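Subject: Structure handover

Hello,

Here is the structure I promised to pass on. Please open it first, then read my notes below.

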Amino acid sequence: MRFLPAVSGIMVSGVISMNILLIEDDLQLSGLVADQLRSRGYQVDAAANGEDGLALLRQGRYDGCILDRMLPGLDGLTLLRRVRAAGVETPVLMLTALSRTEDLVDGFETGADDYLAKPFAMPELLARVDAMLRRHGKQAARLSAGDLTVDRASMVLTGPTGRCTLTRRELDLLTLLMESPGAVIPRERFFQAVWGVDAPVGDASLDTYIYFLRRRLQTVGTRWRLSTRRGKGYLLEEAP
């Protein structure tokens, strides 16, 4: 089953050539996940059983894979063990209804790059896919959301009426926001992704950079605004 990228006002430019293999036997869940990935610019191939998933993943042409552990015919662990033995290094996010520590350890030892327990929140799944691809150097060179575009290499932000150069911190913060437009990003997520878990950084530093980013958005004349959700975090949303 082939899912083609949708035409949308919000997309991740540059990720559109990136291919994700989704191996999930729950067709309703598979359709929902594929639609969300598609809306972010990914191309998605879907397999509903382990044998089909193994044949596709062995081709080695995917940038990432989402793999259900419990599959008919061939379970996810056996599938992953076989492709790793064959030298396929495609990063894999494993989904599972099993949450015991030993189950997680089995998955990682078999070759999974990340693990997500069912049921899961869709924003967390998308964030984990993005993070997994970034760790493997497979992130897009350019990100776009509506009339807003950022070039990661040159660290240049472009909008309808202008462009400006971002600092590294501003780029990292804006990347998180643009990867999930319309979704609230918790403050803790910014600290973890941009400064690191143990970095001695306080709320005042994050608030200062958010202020800087708001000025950058005004400079380039975008319709997007950086909004605050008190007690939750920040989100990038289009002005009404």
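Phenylalanine 190 has a relative accessibility of 0% and so counts as buried. Buried here means under 20% relative accessible area, exposed means over 50%, and partly exposed is in between, with a 1.4 Å probe and protein chains only.

Two notes on the source. This is a predicted model, in which local features need pLDDT of at least 70 and side-chain atom pairs count only at pLDDT 80 or more, while totals for chains, interfaces and linings use all residues. Residues are numbered from 1 along each chain as its sequence is written, and side-chain values use heavy atoms, with hydrogens and water left out.

Aromatic pairs

Rings of Phe, Tyr and Trp (its six-membered ring) pair if their centres lie within 6.5 Å; planes under 30 degrees apart are stacked, over 60 edge-to-face, and the rest tilted. By this rule there are four aromatic pairs. One of them joins phenylalanine 190 and tyrosine 234: the ring centres are 6.2 Å apart and the planes stand at 65 degrees, so the pair is edge-to-face. Phenylalanine 190 belongs to helix 7 (residues 187–195) and tyrosine 234 to strand 13 (residues 233–238), so the pair ties together parts that are 44 residues apart in sequence. Helices (H or I, at least four residues) and strands (E, at least two) are DSSP runs, numbered from the N terminus. Tyrosine 234 is buried too, at a relative accessible area of 4%.

Tyrosine 211 and phenylalanine 212 form a tilted pair, with 6.1 Å from centre to centre and 50 degrees between the planes. Tyrosine 211 is partly exposed at 46%, and phenylalanine 212 is partly exposed at 32%. Together with Tyr209, these two form one aromatic cluster.

Two strands pair if DSSP finds at least two bridges between them; strands 12 and 13 have six. One of the residues involved is arginine 225, whose bridge partner in strand 13 is glutamate 237. Contact means heavy atoms within 4.5 Å.

How many residues of strand 2 are buried? Five of the five are, so strand 2 is largely enclosed by the rest of the structure. Asn19, Leu21 and Ile23 point one way, while Ile20 and Leu22 point the other way. In a regular strand the side chains alternate between the two faces of the sheet. Strand 2 runs parallel to strand 3 (residues 43–47), joined by five bridges, and asparagine 19 has glutamine 43 as its bridge partner there. Strand 2 also pairs with strand 4 in the parallel sense, over four bridges; leucine 21 is partnered there by cysteine 65.

Helix 3 (residues 76–85) has buried residues Gly76, Leu77, Thr78, Leu79, Leu80 and Val83. Among the elements covering them are strand 2 (19–23), helix 2 (50–57) and strand 4 (64–68). Glycine 87, with a positive phi near 90 degrees, follows helix 3.

Regards
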